[in-house]
Amino acid sequence: MIDVPPIKSIAIIGAGDGGCAAAAQLAQRGFDIRLYGRSRATTEPLSATGGIEYEGALGEGFAPLSLITNDAGTAIAGADLVLIMVPTHAHEDVARTIAPHIAPRQVVMAAPGHTLLLIPNTIRKAGGRLGIYCDSSSLPFICRKSAPGRINITRAAQILYFAVFPGEKVADVAEDVRQVFPHIEPTPSLLHTVFPYTNAIHHPPALLLNVGRVESTAGDYHHDGITPSVGRLIEALDAERLAVAAALGVRIEPLPQFFFRMGYTNEAGRDGGTAYDVFHNSEPNRWIKAPATIDHRFLNEDVPYGLVAIAELGHVAQVPTPCADAVIEIASIVAGRSYRRDGLTRDRMGIGAMTASQVTTLLRTGHIAGI
């Protein structure tokens, strides 16, 4: 058994949309919440009131927080759970920031995670004394800030795929993390939280194929912008995601079934079976507006830390990913960035030149013979 104390105090690392949503919901439930933000501009509106206003799925109210700070060490000291809630492209920098302050007794969890061994390896390389590392496949909420100190939560995820490194410890750790997220669904290894990251397969094509209207009007595209033709590109990416996952021993659901289980689409969206059906029957996504620029996480995060990861794991599994490769290349040209070079490569994931068998063994046991 892993000796993890009851989780009462939580250091939330990241004061963006996800971090503020979690802080509001968990404070509302009685946890002692310390919120760390890297930017004073982000934390000052929260510090001015001493907490977060919230609206939407949680109702409407105000959640006071015990600490709002730009000092990671102050937030982490004595916390039972260190909850990393920053975009995946910030995982490496944040891991270096928190490394000196992590104690072996603390549980460190990334939500979303799906960057494989990037965070634990970075913490250890920076001298951190990491004990337990775990992650989830996504944020626990669909949420957006409606004002600098106010979070609008449109939907809480009904399931949250959950993994631990090494995977053999998942049952014990899940028992403790359920105190915080009762709806976690334990999985065998960190690979199982990589592939349910469906933002990678629908955000980039929807943004790229609507780039003209986004740059000229900043209009909504989750409904009228995802036409049947756009949906077919999403479906092709989904097919590659499923194929790579299966080759690595990971069973995941196609997009329609997954979105239904998460509570993000209704029965018509699931039963229609197409991406068009999924998004035209998605109430939570109905109110999400398109970004005003392509310099946005829908490309800057979901391509390098989503599609690149799928393509890199496809290389490990010896499964071709021509559609993902094409979208990565086109997105890089349109955005003027090298998403593949700067993305979640096999080296950054901590698996280097390993074979599929070596990767699965490492993630399950924490080590592999001869490496």
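User: How do the residues of the lining of the largest cavity divide into nonpolar, polar and charged?

Analyst: They divide into five nonpolar, two polar and no charged. Here Ala, Val, Leu, Ile, Met, Phe, Trp, Tyr, Cys and Pro count as nonpolar, Asp, Glu, Lys and Arg as charged, and the others, Gly among them, as polar. The lining consists of His114, Val194, Tyr197, Tyr305, Gly306, Ala309 and Ile310. This is a predicted model, in which local features need pLDDT of at least 70 and side-chain atom pairs pLDDT 80 or more, whereas totals for chains, interfaces and linings use all residues. Residues are numbered from 1 along each chain as its sequence is written, and side-chain values use heavy atoms, without hydrogens and water.

User: What makes this space a cavity, and how many cavities of 30 Å³ or more are there?

Analyst: On a 1 Å grid over the protein atoms alone, a cavity is a set of points where a 1.4 Å probe fits but cannot get out, and lining residues have an atom within 4 Å of a point. The count is one cavity of 30 Å³ or more, and about 40 Å³ of space lies in the largest cavity. Volume here is the space filled by probe spheres set on points joined across faces, edges and corners. Which element gives the most to this lining is also clear: α15, with four residues.

User: What is the volume of the largest pocket, and which residues lie nearest its centre?

Analyst: A pocket, unlike a cavity, is an open set with protein on both sides within 12 Å along at least five of seven lines. The largest pocket has a volume of about 990 Å³. Of its 46 lining residues, Asp17, Gly18, Leu139, Arg297 and Glu301 lie nearest its centre. The lining holds 21 nonpolar, 18 polar and seven charged residues. At least two residues each come from α1 (17-28), β9 (141-147), α8 (199-208), α11 (255-262) and α14 (297-300), and β9 gives the most, with four. Helices (H or I, at least four residues) and strands (E, at least two) are DSSP runs numbered from the N terminus.

User: Which residues are closest to the centre of the second largest pocket?

Analyst: The second largest pocket has about 180 Å³ of space. Among its 14 lining residues, Tyr161, Glu185, Thr187, Arg251 and Ile252 are the closest to its centre. Its lining divides into seven nonpolar, two polar and five charged residues, with β12 (184-186) and α11 each supplying at least two.

User: Why does His192 count as buried?

Analyst: Buried means under 20% relative accessible area, exposed over 50%, and partly exposed in between (1.4 Å probe, protein chains only). His192 has 14% relative accessibility, so it counts as buried. His192 belongs to helix α7 (residues 191-194). Leaving aside neighbours within four places in sequence, His192 is in contact (heavy atoms within 4.5 Å) with Tyr161, Thr187, Gly249 and Val250.

User: What makes Phe259 and Tyr264 an edge-to-face pair?

Analyst: Rings of Phe, Tyr and Trp (its six-membered ring) pair if their centres lie within 6.5 Å; planes under 30 degrees apart count as stacked, over 60 as edge-to-face and the rest as tilted. The count by this rule is four aromatic pairs. Phe259 and Tyr264 are 5.6 Å apart, centre to centre, with 85° between the planes, and form an edge-to-face pair. Phe259 is buried at a relative accessible area of 3%, and Tyr264 is buried at 8%. Phe259 and Phe279 form another edge-to-face pair, at 5.4 Å and 65°. That pair links distant parts of the chain, with Phe259 in helix α11 and Phe279 in helix α13 (residues 275-280), 20 residues apart. Phe259 and Phe279 are both buried. Tyr161, Phe258, Phe259, Tyr264 and Phe279 form one aromatic cluster.

User: Which residues touch the most other members of the largest nonpolar core?

Analyst: A nonpolar core is a set of buried Ala, Val, Leu, Ile, Met, Phe, Trp, Tyr and Cys residues joined through side-chain atoms within 4.5 Å. The largest has 88 residues, and Ile84, Ile98, Leu191, Phe195 and Leu313 touch the most other members. Helix α15 (residues 303-317) gives the most to this core, with 10 residues. Apart from this core lies another, of 42 residues, including Ile10, Ala22, Leu26 and Val164.

User: Which residues of helix α5 are buried, and what do they pack against?

Analyst: In helix α5 (residues 118-125), the buried residues are Leu118, Ile119, Pro120, Thr122 and Ile123. They pack against β6 (81-84), α4 (91-98), β7 (107-110), β8 (132-136), α15 and α18 (346-349). Ile123 is also one of the residues that Ile98 touches, beside Ile13, Ile76, Val82 and Ile84, when residues up to four places away in sequence are not counted. Just after α5, Gly127 takes a positive phi of about 90°.
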